[in-house]
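Morning, everyone. Please have the model up on your screens while I talk.

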Amino acid sequence: MPLNGRPHYTTAGGAMHLWWTPDFSGSQRWLLDTATDDAYAEIYLISPSEAPPTGSAVWREWCGGGWTIARLELTPASPSND
């Protein structure tokens, strides 16, 4: 669970986490990172909506000591019978 108490989503195995925060560096954002705190995130999308940002969107990614643009396609997982 993120420190801000908001629901979050994880990849299979829990390697990456996706969560929304109402106040990250002064704006509302979806964060994608290996950790679940609001202090830092590898990838983010500025969004006022708490609805998961499925589909294709342009995100900002911290890479190699600077910010770059990353196009991510997020699709909901299908329920498993396992």
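I'll take the sheet, then some residues in and around its strands.

Ground rules. This is a predicted model, where local features need pLDDT of at least 70, side-chain atom pairs count only at pLDDT 80 or more, and totals for chains, interfaces and linings use all residues. Residues are numbered from 1 along each chain as its sequence is written, and side-chain values use heavy atoms, with hydrogens and water left out.

So, the sheet. Which strand order does it have? The sheet is open, its 6 strands run β1-β2-β3-β4-β5-β6, and the pairing is antiparallel. β1 (8–10) and β6 (66–74) are the edges; each has a single partner strand, so one side of each lacks a neighbour in the sheet. From one strand to the next, the twist averages 30°. On terms: strands are DSSP runs (E, at least two residues), numbered from the N terminus. Two strands pair if DSSP finds at least two bridges between them.

Now the pairings. β3 (residues 27–33) meets β4 (residues 43–46) through 4 antiparallel bridges. There, L32 has I43 as its bridge partner in β4. β4 also pairs with β5 (residues 55–63), antiparallel, over 2 bridges. I43 turns up again here: its bridge partner in β5 is E61. How many bridges join β5 to β6? The count is 9, and the two strands run antiparallel. C63 stands opposite G66 in β6. The hairpin of β5 and β6 has 2 residues between the strands, and G64 takes a positive phi near 65° there.

Next, L72. It sits in strand β6. Its contacts (heavy atoms within 4.5 Å), leaving out residues up to four places away in sequence, are L32, I43, G55, S56, A57 and W59. L72 and G55 lie 17 residues apart in sequence, with 8.0 Å between their C-alpha atoms.

Over to R29, in strand β3. Buried or exposed? R29 is buried, because its relative accessible area is 9%. The cut-offs: buried is under 20%, exposed is over 50%, partly exposed is in between, with a 1.4 Å probe and protein chains only. Beyond four places in sequence, R29 touches W19, W20, T21, F24, Y44, L45, I46 and S47. S47 lies in the loop between β4 and β5. S47 is buried too, at 12%. Its contacts outside four places in sequence are W20, Q28, R29 and W30.

M16 lies in the loop between β1 and β2 (17–24). M16 counts as partly exposed, at 25% relative accessibility. Setting aside residues within four places, M16 contacts Y9, T10, T11, L32, D33 and T34. M16 and L32 are 16 residues apart along the chain, and their C-alpha atoms are 6.8 Å apart.

Last, the surface. Y40, W62 and W67 make up a nonpolar patch of about 290 Å² accessible area together. Patch residues have over 30% relative accessible area and no salt bridge; nonpolar side chains (Val, Leu, Ile, Met, Phe, Trp, Tyr) are joined within 5 Å, like charges within 9 Å. A salt bridge is a side-chain nitrogen of Lys or Arg within 4 Å of a carboxyl oxygen of Asp or Glu. Areas are Shrake-Rupley, with a 1.4 Å probe; for residues, only the protein chains shown count as cover. Y40 is in the loop between β3 and β4, and is partly exposed at 36%.

How values were computed: Axes are lines fitted to C-alpha atoms, for helices over the stretch in contact, and angles run from 0 to 180 degrees between N-to-C directions.
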